[in-house]
Amino acid sequence: MIFAKVIGTVVSSQKDPNLNGKKLLLCKEVDHEGKPLKSYHVAVDAVQAGEGNFVLLSYGSSARMTEETKNAPIDAVIIAIIDDVEVTHVLRGDGAAVQRGGAAARASRKS
Amino acid sequence: MIFAKVIGTVVSSQKDPNLNGKKLLLCKEVDHEGKPLKSYHVAVDAVQAGEGNFVLLSYGSSARMTEETKNAPIDAVIIAIIDDVEVTHVLRGDGAAVQRGGAAARASRKS
Amino acid sequence: MIFAKVIGTVVSSQKDPNLNGKKLLLCKEVDHEGKPLKSYHVAVDAVQAGEGNFVLLSYGSSARMTEETKNAPIDAVIIAIIDDVEVTHVLRGDGAAVQRGGAAARASRKS
Amino acid sequence: MIFAKVIGTVVSSQKDPNLNGKKLLLCKEVDHEGKPLKSYHVAVDAVQAGEGNFVLLSYGSSARMTEETKNAPIDAVIIAIIDDVEVTHVLRGDGAAVQRGGAAARASRKS
Amino acid sequence: MIFAKVIGTVVSSQKDPNLNGKKLLLCKEVDHEGKPLKSYHVAVDAVQAGEGNFVLLSYGSSARMTEETKNAPIDAVIIAIIDDVEVTHVLRGDGAAVQRGGAAARASRKS
């Protein structure tokens, strides 16, 4: 799954019947700290996510595994609103994973 | 799902029987404002999309979940014609999502 | 689906039994005008495509939806030989889709 | 499958019911020597992986093929903790695969 | 499917039970001439491939369609050892596919 922020909504009146009543949200992909990356995705909301929320997106056939999305022709769904990303390790240049201290671990937290 | 604009049609006489009668549309990937990105895709039309339309594409096994495309060997389908993309938030450099005003929110709207 | 040109064949004697009798073709991804892009793909042929042909490739689980490929462990199939790609619209820098004239529309046609 | 290192955890209270009780781990993609690449992924843990571990990630519908993840709307799962990657061959510029000696073969090993 | 060379093995003792007894091979993606590209993949071997072999990789749900891999949470499988890639056509800058002579056609062959 990847991180995204919900930054808007997509409105369509002429669409596949399986999309009726589903909320289509405009999502900007972000990194684990919430910083914007390049991609935009449109995802169906399965968790009552609101605009501005930091969320988790799931892709492909897995996007049809929620009650909200089963049998729909959609390939992306919001499966969680993220409360916290706790980074416990950093990778050195040689690939070793080094544990971060408790305070630093919370430095990248976005509520 | 991603955004695209329909810019043409693909004609084929020698094809898999499951494609008979299906409209194959040439789609240029665009961003949420309709600005062209690099990729081209060929998608089956499931919503009577016309050339020039701003549409939503779904990929992978999900592309077979419409009446038009079930059991067909296709991996991309047009599932909606987009009326409006309303951008309600912008992301600052630090990743914070800031709400846009009502007027600004409609600045990127493409009808 | 994406565009490709068939530029060769792949020969293998030691392979999964489900590949027996299937033609494995070397495909170079191209754009809608037939100009070469970077990727190479190996695809199973489901439409009697020949070397040099301009074809349509389908990926993923959809690649198993032809008579030729069902239940085979393959992720790419040629589903159509392309006769013509008719480009009817061009995208301006601001994203507007502008209709092309009849003659121009056929300028990128590759037979 | 690709390599990753587990560098943190993702906390969410508002999520799809199928995610209840599942551990969501923040994974940084790495190469076969454990050196960090660009992508971040969030994956469900199916093998009691701990933070700092060098692991194997599986994607797409395959991510739902573990006891831990079946029917969940997730597209990435940790399927193994890696003890050793033994590189036995190197590729020359012309593409020939040349066997490495026993000692060199273990040079890139990360425990 | 894509081309790869098998350059090593991946060892794991703590893994999903469905991986027991399966050989996990380190594969470097290569082009049709066997020249190394950037990506590394870990794939399950379904054809008794050995290290140093030039092979064909299949991805996604299709990777579960071999006897060796059915129901396993894996997204990549080696489905063939390649004997020969015969390039019969080259693409000119304008996209035309031009037939190569018999001798030249075999120039890129890798056994």
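Biologist: I see D:K23 and D:D45 side by side. What do their side chains form, and at what N to O distance?

Modeller: The side chains of D:K23 and D:D45 meet in a salt bridge, 3.3 Å from N to O. Keep in mind that this is a predicted model.

Biologist: Which parts of chain D does that pair tie together?

Modeller: D:K23 lies in the loop between β2 and β3 of chain D, and D:D45 lies in strand β4 of chain D. They are 22 residues apart in sequence, so the pair ties those parts together.

Biologist: How do I read burial here? Is D:D45 buried or exposed?

Modeller: The cut-off for buried is under 20% relative accessible area. D:D45 has 6%, so D:D45 is buried. D:K23 has 35% relative accessibility and counts as partly exposed.

Biologist: What do E:D45 and E:K23 form in chain E?

Modeller: A salt bridge between their side chains, 3.3 Å from N to O. This pair links distant parts of chain E: E:D45 sits in strand β4 (residues 36-45), and E:K23 sits in the loop between β2 (14-15) and β3 (24-30). E:D45 is buried at 5% relative accessibility. E:K23 is partly exposed at 37%.

Biologist: Which residue forms a salt bridge with E:D94?

Modeller: E:R92 does, with the closest N and O atoms 2.8 Å apart. E:D94 is partly exposed, with a relative accessible area of 35%. E:R92 is also partly exposed, at 45%.

Biologist: How many salt bridges does the structure hold over all chains?

Modeller: The total over all chains is 20. Across the interface of chain D and chain A, the rule finds zero.

Biologist: Then how do I read an interface?

Modeller: Interface size is often given as the accessible area lost when the parts come together. Chain D and chain A bury about 2,700 Å² between them, with 57% of it on carbon and sulfur atoms. In contact are 39 residues of chain D and 32 residues of chain A.

Biologist: How many residue pairs are in polar contact between chain D and chain A?

Modeller: The count is 20, with both residues at pLDDT 80 or more.

Biologist: Which strand supplies the largest share of the side of chain D that touches chain A?

Modeller: β1(D) does, with seven residues. By class, that side of chain D has 17 nonpolar, twelve polar and ten charged residues.

Biologist: In which sense do strand β7 of chain A and β1(D) pair?

Modeller: Antiparallel. Strand β7 (residues 84-87) of chain A pairs with β1(D) over four bridges in the antiparallel sense. To find the pairing on screen, look for A:E86, which stands opposite D:T9 in β1(D).

Definitions and conventions:
Residues numbered from 1 in each chain as written. Chains lettered and ligands numbered in written order. Predicted model: local features only at pLDDT ≥ 70, side-chain atom pairs only at ≥ 80, totals over all residues. Heavy atoms only, no water. Contact = heavy atoms within 4.5 Å. Buried area = accessible area lost by both parts, 1.4 Å probe. Salt bridge = Lys/Arg side-chain N within 4 Å of Asp/Glu carboxyl O. Polar contact = N/O pair within 3.5 Å; in protein donor to acceptor, adjacent residues only side chain to side chain. Helix = DSSP H or I, 4+ residues; strand = E, 2+ residues; numbered from the N terminus. Nonpolar A, V, L, I, M, F, W, Y, C, P; charged D, E, K, R; others polar. Pairing = 2+ DSSP bridges. Buried < 20%, exposed > 50% of the residue type's maximum accessible area, 1.4 Å probe, protein only.
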